[in-house]
Amino acid sequence: MPDHQSNEPNTVCPRCGVGCRLQAGPNGVRANGVVGPANPNGRLCRKGIGALETPDDRLEDPLIRQNGDLQPVSWPTAYERIAESFEEILAARGPDALAFLGAPHCTNEENYLLQKLARILGTNNVDNRSRLCHVSTTRALSERVGWPATTNGLEDLTDADVIVVAGANPAERQPIAFNSFVRPAVTDGATLVHVDPVGNRTTRLADIHLTPRPGTDALVFDLLSARIVDDGAGIDREFVENRTRGFEQFEASITDLERDETRLAAGVESSALEEIADRITAADRVAGLVGTGIENSAGETNASGALLNLLLLTGNLGRRGAGLYVLRGLANEQGATDAGCVPDRLPGHQPVTDSRARARIASEWGVEPPSTPGKTATELLESFGNDVRGALVVGENPGVSKRDPEWVRERLGALETLVVVELAANETTEHADVVLPAAAGIEKAGTFTNLERRVQRLSPIATPPARARSDFRILAELGGQLTQNPSAFEYEDVSEAFGELRRIAPPYAGLRYDDLGLEGERWPAGSPGALYRETFETPDGRAQFGSAQPPIVRGSTDGFWLVTGGRSSGSHDAETSSELRINPADAREIGVDADETVVVSSGDVSIRVTARLAESVRAGTLYVPAAVADPFLRRDVTTVSVDPA
Ligand SMILES: Nc1nc2c(c(=O)[nH]1)N[C@H]1C(S)=C(S)[C@@H](COP(=O)(O)OP(=O)(O)OC[C@H]3O[C@@H](n4cnc5c(=O)[nH]c(N)nc54)[C@H](O)[C@@H]3O)O[C@H]1N2
Ligand SMILES: Nc1nc2c(c(=O)[nH]1)N[C@H]1C(S)=C(S)[C@@H](COP(=O)(O)OP(=O)(O)OC[C@H]3O[C@@H](n4cnc5c(=O)[nH]c(N)nc54)[C@H](O)[C@@H]3O)O[C@H]1N2
Ligand code: SF4
Ligand SMILES: [Mo]
């Protein structure tokens with residue numbers, strides 16, 4: 001136990017999905033780590049140490065827009081204004097004219113209330129946009145093995161023999177998990193493979209850095225499966241036979257795969273593929289860790305699906321140290337989805353189309369949730385001002401997003417009523433008609449579910465501004481008033497709401513708020529770290545193979561492929577250095593020297609940055625931090641040109 005640890009209350013770090021435990025330091029400025037399951041050394045990263053800082057300009061009072069300006073009012077006045085506006089919209093256009101956006105910074109109980117409010121009002125228009133950070137991975141998992149979640153526990157990574165990290169930088173983004181579980185495994189002899197067109201801090205620990213052409217990870221994993229199928233030794237025949245379905249079709253698609261053409265499309269060396277395939281074949285346990293870099297544009301091949309095929313082929317699921325980890329970003333990204341802030345899923349990932357699930361919920365709520373899926377966060381934003389006229393946004397900032405800022409402003413402005421529950425003013429509150437001041441993560445009770453499905457309890461370790469209220473209290477009060485069904489939103493405390501969640505959401509069954517203690521507990525209750533030890537959560541209990549995917553050539557061939565990373569969540573540590581990283585050979589070819597200022601452009605958009613030369617950048621690609629490349633990202637630009645300034 002670190003010697004600074006005291007008996008003061010401790011809570012879960014609200015800054016990322018790892019879920020380290022912390023408490024207020026002696027002077028109340030810095031947070032101290034407390035030994036917890038995600039930070040077994042009691043350490044915190046830089047972000048965690050700063051977790052006690054909330055925005056300087058905290059909101060103190062509810063605000064209502066009057067004559068163009070936001071003016072402080074009392075809570076009842078603010079609630080009344082919201083109720084009036086929402087009732088008008090409901091009467092004129094029905095419940096699907098409302099949108100509810102939340103709340104991966106908020107607790108499970110708060111997310112539960114938000115979706116309950118939407119659904120009792122009669123709409124499934126509820127989503128959380130951080131869900132989109134890992135959408136293809138979670139979809140592949142839920143369709144083919146069962147739950148849209150990491151399959152294993154963090155601690156089992158220490159037993160892995162091969163760890164494949166793709167499209168992520170956990171050394172920097174989930175540093176405590178990386179240092180506590182990945183680093184020791186590697187020190188113990190595990191092979192770390194980093195698949196990323198651009199090297200980053202994670203690459204420094206890697207044994208093999210594979211730099212495929214951006215967007216071609218699916219091809220890389222198919223090629224690895226092909227080598228293992230060709231060689232035969234790495235196939236886990238017993239696992240394939242007893243635990244999976246669709247192998248013949250997968251094998252046939254792999255047999256048909258044009259090896260050379262695919263390899264050229266991915267732009268990887270066959271020697272590197274061979275080396276990785278050999279290590280996977282020799283390994284007893286292989287784990288895949290995936291981040292946002294493999295989440296390609298819609299319609300492209302599914303990298304996680306291909307990685308899942310590789311893990312199934314080699315029997316690397318359902319055991320300690322063998323599985324697929326979703327490197328989730330925000331503190332309660334997993335929980336927001338688990339609790340049902342998803343347009344097509346009820347709490348516990350039950351489809352809204354499942355009449356038995358709806359009936360079970362109706363017996364708890366007294367009202368049945370609607371059966372048609374709602375719109376996603378992206379679709380909702382597009383519908384603002386058209387089909388959707390009112391929105392309640394809880395702890396999200398759609399005013400900043402990977403879209404043209406003018407367009408976003410217009411969409412937000414087109415709403416009749418925008419209600420924002422926030423800690424501080426931001427780009428979204430500028431458009432709000434009502435703003436409600438909320439308590440921050442360190443100021444409240446409830447539970448977060450981390451990136452390995454661990455449900456942990458929060459305790460307040462700081463005090464919110466005098467008139468701010470917890471999102472839980474706000475949503476309960478608003479819920480009672482807007483639905484005119486106060487009893488559906490009457491809770492003694494958050495633990496009662498947790499109790500309701502666990503009755504409704506099957507994966508949470510058996511978890512008890514009072515028993516969560518300092519260790520928390522992973523869902524489903526009583527399960528060891530690895531899910532699917534005996535059976536998969538699919539109708540026949542088997543995991544489903546997919547097929548090899550056809551080679552794609554992405555983008556145009558002239559110019560450089562723009563690779564970005566380091567997107568931020570809130571104000572936490574966006575990479576903001578105005579630097580471009582380029583392969584030295586490319587720089588030579590276009591006549592750019594190290595540390596020279598260059599102009600990166602596409603059409604009429606351009607940025608000025610300093611060129612840094614780095615061998616770890618794939619030739620033909622450029623790396624620019626997402627915050628700096630923002631003007632391109634917002635316009636979906638993927639190829640750019642570079643010229644000396
Ligand atoms: N310090 C800090 N940590 C954070 C956050 C923060 O704001 N600050 N935010 C949190 C949040 S919300 C999130 S979502 C996570 C994000 O965590 P990560 O997903 O790890 O995010 P990035 O650091 O952007 O890493 C993405 C990587 O994908 C690579 N990449 C791009 N295109 C491709 C491709 O086609 N194939 C492959 N294989 N790789 C590609 C990029 O080069 C980059 O290295 O971080 C969380 N952690
Ligand atoms: N242009 C651009 N777009 C991006 C990104 C980017 O870096 N640049 N990053 C992308 C990524 S990875 C993600 S995950 C998303 C993140 O998208 P969002 O979740 O929308 O953004 P954040 O800024 O992380 O958080 C939103 C707000 O939550 C508030 N908040 C924090 N805690 C609480 C709380 O307990 N209660 C309440 N009510 N509010 C709270 C903060 O004050 C903040 O204003 O954005 C994505 N889009
Ligand atoms: S790794 Fe994540 S949860 Fe842990 S201290 Fe850092 S920001 Fe907080
Ligand atoms: Mo994220």
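**Close-ups of two ligand sites**

**View 1. Ligand 2 and its neighbours.** Ligand 2 has 28 residues around it, the closest being Arg-129, Asn-397, Glu-422, Asp-471 and Arg-567 (a residue is near when one of its heavy atoms lies within 4 Å). This is a predicted model, with pLDDT of at least 70 needed for local features and 80 or more for side-chain atom pairs, while totals for chains, interfaces and linings use all residues. Residues are numbered from 1 along each chain as its sequence is written, ligands are numbered from 1 in written order, and side-chain values use heavy atoms, leaving out hydrogens and water.

**View 2. Polar contacts to ligand 2.** Here are a few polar contacts (pairs of N or O atoms within 3.5 Å). The side chain of Arg-129 puts an N or O atom 2.7 Å from an oxygen atom of ligand 2. For His-105, a polar side-chain atom sits 2.8 Å from a ligand 2 oxygen, and for Asn-426 the side-chain distance to a ligand 2 oxygen is 3.0 Å.

**View 3. What makes up the ligand 2 shell.** By class, the shell splits into 9 nonpolar, 10 polar and 9 charged residues (Gly counts as polar; Cys and Pro as nonpolar).

**View 4. The shell around ligand 3.** Among the residues surrounding ligand 3 are Cys-13, Cys-16, Cys-20 and Cys-45. Helix H1 (46-49) and helix H6 (175-187) each give at least two shell residues (helices are DSSP runs of H or I, at least four residues). The tally for this shell is 8 nonpolar, 2 polar and 2 charged.

How values were computed: A polar contact is a pair of N or O atoms within 3.5 Å; within protein, one must be able to donate a hydrogen and the other to accept it, and residues adjacent in sequence count only if both atoms are side-chain atoms.
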